[in-house]
Amino acid sequence: MADKKEKTFRFVIVGGGIAGVTCVEQLSSQVPSADVALITAGPHIKAVTNYKQVSKTLEEFDVEERPSSVLEEKFPNLTVIHSAVKSLHTQSHSVETADGRVFGYEKLCICSGGRPKLLTQDNPYVLGIRDTDSAQEFQKRLSKAKRIVVVGNGGIALELVYEVEGCEVIWAVKDKAIGNTFFDAGAAQFLIPALEADKPESAATCKRTRYTTEEPAPGASQTFTAGSALGPDWHEGIVLRGTEQSLCANPKSWRVSLEYQCEVEKIFTSEELLNSPQQTLRLENGSWPVYIQLTNGKTFGCDFVVSATGVVPNTEPFLNGNNFALADDGGLHVDDHMMTSEPDVYAAGDVCTACWEHSPLWQQMRLWTQARQMGWFAGRCMAAHVLSEPIELDFCFELFSHITKFFNYKVVLLGKFNGQGLGPDHELLLRCTKGQEYVKVVLSGGRMVGAVLIGETDLEETFENLILNQMDLTPYGEELLNPDIDIEDYFD
Ligand SMILES: Cc1cc2nc3c(=O)[nH]c(=O)nc-3n(C[C@H](O)[C@H](O)[C@H](O)COP(=O)(O)OP(=O)(O)OC[C@H]3O[C@@H](n4cnc5c(N)ncnc54)[C@H](O)[C@@H]3O)c2cc1C
Ligand SMILES: NC(=O)C1=CN([C@@H]2O[C@H](COP(=O)(O)OP(=O)(O)OC[C@H]3O[C@@H](n4cnc5c(N)ncnc54)[C@H](OP(=O)(O)O)[C@@H]3O)[C@@H](O)[C@H]2O)C=CC1
């Protein structure tokens with residue numbers, strides 16, 4: 001393999017998503033003399049724009065899909081190679097691409113993201129949403145649909161059930177409440193009325209498509225290996241409307257039915273149902289292309305099923321044949337320098353699992369912000385290692401923080417927002433004004449360790465400070481959430 005190398009780069013980064021591109025930017029600016037290669041399966045790269053540091057740890061930004069030439073013009077030391085990596089040979093420090101080329105590296109960073117963990121593979125009626133292509137396929141299928149079933153209870157399901165119009169939505173969740181990956185039952189209760197109410201004007205407007213289509217890269221035959229993951233506001237550019245076209249003007253007819261505490265028992269096509277003893281189901285349900293049987297005994301016919309059931313790190317098949325340590329969730333095990341178990345190989349973003357001893361207030365979630373932070377930190381570590389400089393874990397891994405929007409409410413999550421890992425040894429303070437705000441504080445030993453802020457609470461900065469400084473809040477008791485006290489002044 002060594003003699004076949006077309007060129008050896010000092011740094012090679014695999015993946016043009018937010019983690020890979022941020023890593024490239026960091027390396028190119030920190031070590032401008034080094035040859036850097038970005039190898040990515042898709043024709044476009046993702047770029048962070050309008051970056052805003054909202055507070056010490058909270059950040060907001062937009063993400064744009066761009067041609068890679070923009071990056072190459074900015075960094076003359078950078079070569080972008082558009083081909084999927086077919087195999088990695090850590091012993092010879094080389095990668096082989098789908099178009100048959102071999103490149104050497106001194107240090108490599110794997111940022112190949114994740115792909116949807118589908119309920120079932122190869123069923124044309126079960127869709128996942130990950131990248132621009134899959135979002136467009138979903139949009140196309142939705143435009144002809146009268147009823148869809150959404151399975152899953154995380155970020156994608158929360159966004160879809162709110163955004164889809166003109167189509168009946170059956171939402172099947174495993175849990176007793178909606179949004180288990182982000183919320184507890186109280187917050188879910190607060191959000192439910194927004195599902196039943198009319199959407200506000202701004203959220204209900206029909207919008208134009210903004211995303212471009214990525215051509216699959218040579219060799220990228222698997223549906224979900226070509227493009228980068230979508231991110232904040234991905235649905236804003238896409239009309240998510242079913243057959244009932246008039247509903248864009250009449251959001252009242254928008255229907256979501258929830259099926260709680262159930263999983264999928266079986267998925268049948270209409271042909272399979274015709275030939276099975278359960279064909280009476282077909283008659284009861286009308287005629288649909290596909291039927292889904294849930295563990296609560298109900299069966300629904302629908303046009304298609306959306307499997308919004310999480311992601312699996314993209315490690316196969318191109319990393320096979322090496323000795324990478326994998327975490328329980330299948331991610332590449334990385335230490336506090338973003339290094340995998342293979343020499344000179346780093347990883348960042350959705351593909352990796354942070355296996356260092358976490359700060360008591362941080363946890364990994366496969367999110368846009370963490371992909372950016374990990375890509376940036378991996379770049380810093382790679383540069384520090386070649387320059388023989390010391391480097392410590394960055395402050396951004398001290399406190400988990402996430403800003404997003406669900407059901408048209410601003411949502412801020414801080415620290416152990418759901419009491420993750422705290423056991424019974426914690427208490428909660430709550431303040432809730434229906435339709436306006438939901439504030440939950442998690443206290444452990446009298447100190448604030450997490451918070452969920454839904455709505456325009458304006459509390460994020462103060463709470464972030466209280467969590468970071470671990471002040472004993474016992475003397476304040478429930479006054480902490482007294483709406484008549486200006487908490488910002490209180491703790492100044
Ligand atoms: C529908 C949707 C909505 C989301 N909304 C939000 C949100 O609102 N907020 C939020 O924080 N997060 C959100 N996320 C999560 C967020 O998008 C991801 O956490 C983030 O994009 C991960 O970035 P990444 O760079 O690690 O991976 P990706 O963006 O998946 O990029 C991986 C890159 O690797 C390339 N690649 C893969 N395999 C190979 C190979 N073998 N060879 C070469 N290149 C390869 C791909 O082409 C791609 O460029 C959302 C995700 C989805 C799917
Ligand atoms: N605004 C935001 O911040 C958004 C973030 N994202 C991110 O994008 C990624 C993909 O989103 P998504 O697919 O929603 O993943 P998530 O990990 O957010 O949610 C997956 C959901 O599916 C459930 N689930 C898993 N397997 C099954 C099954 N077999 N049957 C029924 N339910 C199942 C999970 O339950 P359990 O947890 O019990 O396993 C969980 O509720 C995630 O990293 C997510 O954080 C996506 C959209 C918006």
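1. The UniProt record, an unreviewed entry, places the feature "domain: FAD/NAD(P)-binding" at residues 10-170 and 292-375. UniProt positions follow the numbering used here, feature names are shortened, and annotations may be inferred rather than shown by experiment.

2. This is a predicted model, in which local features need pLDDT of at least 70, side-chain atom pairs count only at pLDDT 80 or more, and totals for chains, interfaces and linings use all residues. Residues are numbered from 1 along each chain as its sequence is written, chains are lettered from A and ligands numbered from 1 in the order in which they are written, and side-chain values use heavy atoms, with hydrogens and water left out.

3. Eleven helices and 26 strands make up the secondary structure count of the chain. Helices (H or I, at least four residues) and strands (E, at least two) are DSSP runs, numbered from the N terminus. Residues 10-170 are 24% helix and 40% strand, with 51 Å between the end C-alpha atoms. For residues 292-375 the figures are 10% helix and 27% strand, with the end C-alpha atoms 40 Å apart.

4. The chain has 492 residues, of which 56% count as buried. Buried means under 20% relative accessible area, exposed over 50%, and partly exposed in between (1.4 Å probe, protein chains only). Accessible areas come from the Shrake-Rupley method with a 1.4 Å probe; for residues, only the protein chains shown count as cover. Among contacts (heavy atoms within 4.5 Å) with a separation of 6 or more, 64% join residues 24 or more positions apart.

5. Ligand 2 is surrounded by 22 residues, and I156, N180, R366, H402 and T404 are the closest. A residue belongs here if one of its heavy atoms lies within 4 Å of the ligand. This shell divides into eight nonpolar, ten polar and four charged residues. In that division Ala, Val, Leu, Ile, Met, Phe, Trp, Tyr, Cys and Pro count as nonpolar, Asp, Glu, Lys and Arg as charged, and the others, Gly among them, as polar. Helix 4 (155-163) and strand 22 (401-406) each supply at least two residues of the shell.

6. The side chain of N180 has an N or O atom 2.6 Å from an oxygen atom of ligand 2. The side chain of T404 has an N or O atom 2.7 Å from a nitrogen atom of ligand 2. From G155, a backbone N or O atom lies 3.1 Å from an oxygen atom of the ligand. Taken alone, ligand 2 exposes 900 Å², and the protein buries 77% of that.

7. T22 is part of helix 1 (residues 18-30). Its relative accessibility is 7%, so T22 counts as buried.

8. Some backbone geometry deserves a look. The peptide bond from E316 to P317 is cis, with omega near -5°; P317 sits in the loop between strand 18 (311-313) and strand 19 (332-334). D122 is not a glycine but has a positive phi of about 60°. D122 lies in the loop between strand 9 (114-116) and strand 10 (126-127) and is exposed, at 78% relative accessible area. For D458, also not a glycine, phi is positive and near 60°. The loop between strand 26 (447-454) and helix 10 (460-469) holds D458, which is exposed at 59% relative accessible area.

Technical notes
Polar contact = N/O pair within 3.5 Å; in protein donor to acceptor, adjacent residues only side chain to side chain.
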